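User: Hi! Could you walk me through this one?
Analyst: Happy to, let's have a look together.

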Amino acid sequence: MDLSYSSEELAFQEEIRTFLQNDLPKDIAEKVRLDGDLTKDDMERWHAILNARGWLAQNWPKEFGGAEWSAVQRHIYDTEAADAHAPRIVPFGFSMLGPVLQKFGSKEQQDHWLPRMLDGTDWWCQGYSEPGAGSDLASLKTKAVRDGDHYIVNGQKTWTTLGQFANMIFCLVRTDSDAKQQEGISFLLIDMDTPGVEVRPIILLDGCHEVNEVWFTDVKVPVENLVGEENKGWTYAKYLLTHERTGLGGVGSSEAGLKAVKRIAKAANHNGKPLIENPHFAARVAQVEIDLRAMATTNLRIISKAAAGEAPGLEASMLKVKGSILRQEINDLARRAVGPYAMPFASEAVEGANDRIPDPLDAGPVAGQYFNNRKLSIFGGSNEIQRGIIAKVTMSGGA
Amino acid sequence: MDFNLTEERQMLQDTLRRYLREQYGTERRNEILASDTGFSSDIWAELAELGVLGALFTEDQGGFGGAGFDIAVVFEELGRAGVVEPVLDSALVGGRLLAAAGKADMVEQVIGGAIHLAVAHGEPDSRYDLDHVNTTATDNKLTGRKAVVMNAEAADHLIISAKDGDTIALYLVDKGAQGLDIQGYPLLAGGRAAEVTLDNTPGAPLDLTLTDFEAANRLAIIAQCAEALGAMETATALTKDYLMTRKQFGRPIGTFQALAHRMSDLLIEMEQARSAVINAAGYADDKDADLHLSASKNLIGRIGRLVAEEAIQMHGGIAMTQEYELAHIAKRIVMADHRFGDTDYHLERFIALSAA
């Protein structure tokens, strides 16, 4: 048992730190620090900087142009990136579709789509959830009917994150309505410029536009955009969801968030003293920090297992549940720390509207973030779904 | 012992509930939320006409209520409908301060809905402390900064605290007074507030002490607890309906025990919350009023957070959308904890008062 990084890992950490210090644009980092809305251009700029260094597709094998980092290396990057307020890498291409194409896609699909992800030609979004198919994803109804060289797609997807920036969407569609739910689903790549695709914004409760509805009306999709075999889409979707869930522990984000809470609570005044010296508030912060320290090690234990080649299954679910609860607790502390200044509504929706929002503690829109991050326990398989998986695996021997 | 409302209060509740159900639906509220002023003058006039504002004042003050339970009844209904009009700050706290200062004419205008008030007490680093005032008054000229002042832009008059020597005193400052600067902004849970700066701004001293201010603050705590309770009722009702109608895996999600038990827990806690509001209203004039009020505000803060978070979680994504009623209601509930002392503030105060 040894909790310290190896000398190679320490050298890697140093390399990442130096890179972030030198290459992460200051204006972008400041936006991330104060939870401002990043523009498409901000995100593309950061992707391009990472790509120039060969660090954009961190989990991909080298043969596909990836960095082929180990799980420990990815963890080191995540921690340092969160600490430096680097934007997260938009995951839909790199963490989700990429691995699916590498495992199940044809050579032509790999050669065509993977380089375009790296150089930013395509911006991908995910077409999974539907209004009637959330936790029960397999009940999805969006239909694709084969018609010669095309599929004709009709239906509606929802919660499509950053769909307003995307030109491509990977979708789960029903290709066989008679088969058992999971057996009639296919995995389709759809060009969003095709006639019949319509993106409608959903404004979230904190005023942010980050998710969308995507509607399909008689959308023609060439058959070569089918990934793998028809009606085998559920297998690929499950594979993708496992990838989506790893890293959802968000230890790096939690650590950065806790640091911010302490900074705010040091600046905030309570009865003539810094709030951080108040025993009740300090106790709340300490409790979260104690949990987070254990969680960081839980995270590393799971990462080590993954690095040794064991697929994270159950543990990914555990990390997601615990990680989301901790991050939400930290958001709650941040909104408490600012006191009455939690109430102003900082919205990027109206140009210039934020100029008058008072922020004497330099905290950013912490209450908005508190509400926005309620999503952490809902998306990517809600915490109830994750608990169901944990119970099923541990008490009946299989998911 | 009688836990029923008096006939008058029952009528007030019925009237207000019916009015808001008919006039303050999600669509109307979303229009108001998106408006520049952050509230509707029409709704304000109608609330005055219905006697809702008058119910916040005693007969001596020209109203027809004014007790803890009158205030609780009104604000529970306002909370239930997610009303963003500044009844709490403009009419209740502002109006009752003027009543205590003997400004009968102005109180009459408040009750009639003719004027708006704002109360500017908190400062950028005062947090929830009532006795932390750095704004100064010299020869009735005020200088300083007031933080997150509700309804400041719409107010015809502001009631502003300032230190004259070592004494905290309250002053009446008119809209447009010299050296008065109001920087307004919208609030996350609806309505508007402002940062108010005063630079040698003339104010008329009000015949009030910090004790009067504390009395008004007690009423504000009752109102805020009741408003949160009303909003929590709506959140639990929406969640219950959703659990019974939303189907996943071929059945209503409320039939899954994992969710059914959590809904049951919410309903249990809601009974606690209701009792806490009754305690706040019922002990408003007790010698231990502050202890009771802190207990209630702390409990409402804790249960409010639980209800808001669980309601969102059990709904799933739909509750995250701005258009859905619960989103607004959840924000009202959680933001109520940022007014007149939060959960931690009142826990500490409860400890201090219990030890005394």
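**Two helices in chain B**

Analyst: In H7(B), the residues B:Arg218, B:Ile221, B:Cys225, B:Ala228, B:Leu229, B:Met232, B:Ala235, B:Thr236, B:Leu238, B:Thr239, B:Tyr242 and B:Leu243 meet B:Ala289, B:Leu293, B:Ser296, B:Lys297, B:Ile300, B:Gly304, B:Val307, B:Ala308, B:Ala311, B:Met314 and B:His315 of H9(B). Two residues are in contact if their C-beta atoms, placed from the backbone, lie within 7 Å. This is a predicted model, where local features need pLDDT of at least 70 and side-chain atom pairs count only at pLDDT 80 or more, while totals for chains, interfaces and linings use all residues. Residues are numbered from 1 along each chain as its sequence is written, and chains are lettered from A and ligands numbered from 1 in the order in which they are written.

User: At what angle do H7(B) and H9(B) pack?
Analyst: About 25°, with the axes 9 Å apart. H7(B) and H9(B) are therefore roughly parallel to each other (angles under 35 degrees count as roughly parallel).

User: Switching topic: how many residues does each chain give to the contact of chain B with chain A?
Analyst: Chain B gives 34 residues and chain A gives 36 residues. Among the elements of chain B that each supply at least two residues to its side are strand S3 (141-150), helix H9 (289-315) and helix H10 (325-336). That side of chain B divides into 16 nonpolar, 9 polar and 9 charged residues.

User: And what is phi for A:His85?
Analyst: Near 60°, a positive value in a residue other than glycine. Most residues other than glycine have a negative phi. A:His85 sits in the loop between helix H4 (71-83) and helix H5 (91-104) of chain A.

User: How many other C-beta atoms lie within 10 Å of A:His85?
Analyst: There are 19, and A:His85 is partly exposed. A residue is buried if 20 or more other C-beta atoms lie within 10 Å of its own, exposed if 12 or fewer, and partly exposed in between.

User: What about A:Asp362, buried or exposed?
Analyst: A:Asp362 counts as exposed, with 12 C-beta neighbours inside 10 Å. Its phi is near 50°, a positive value too.

Methods:
Helix = DSSP H or I, 4+ residues; strand = E, 2+ residues; numbered from the N terminus. Nonpolar A, V, L, I, M, F, W, Y, C, P; charged D, E, K, R; others polar. Axes fitted to C-alpha atoms, helices over the stretch in contact; angles between N-to-C directions. Parallel < 35°, antiparallel > 145°, perpendicular 65-115°, else oblique.
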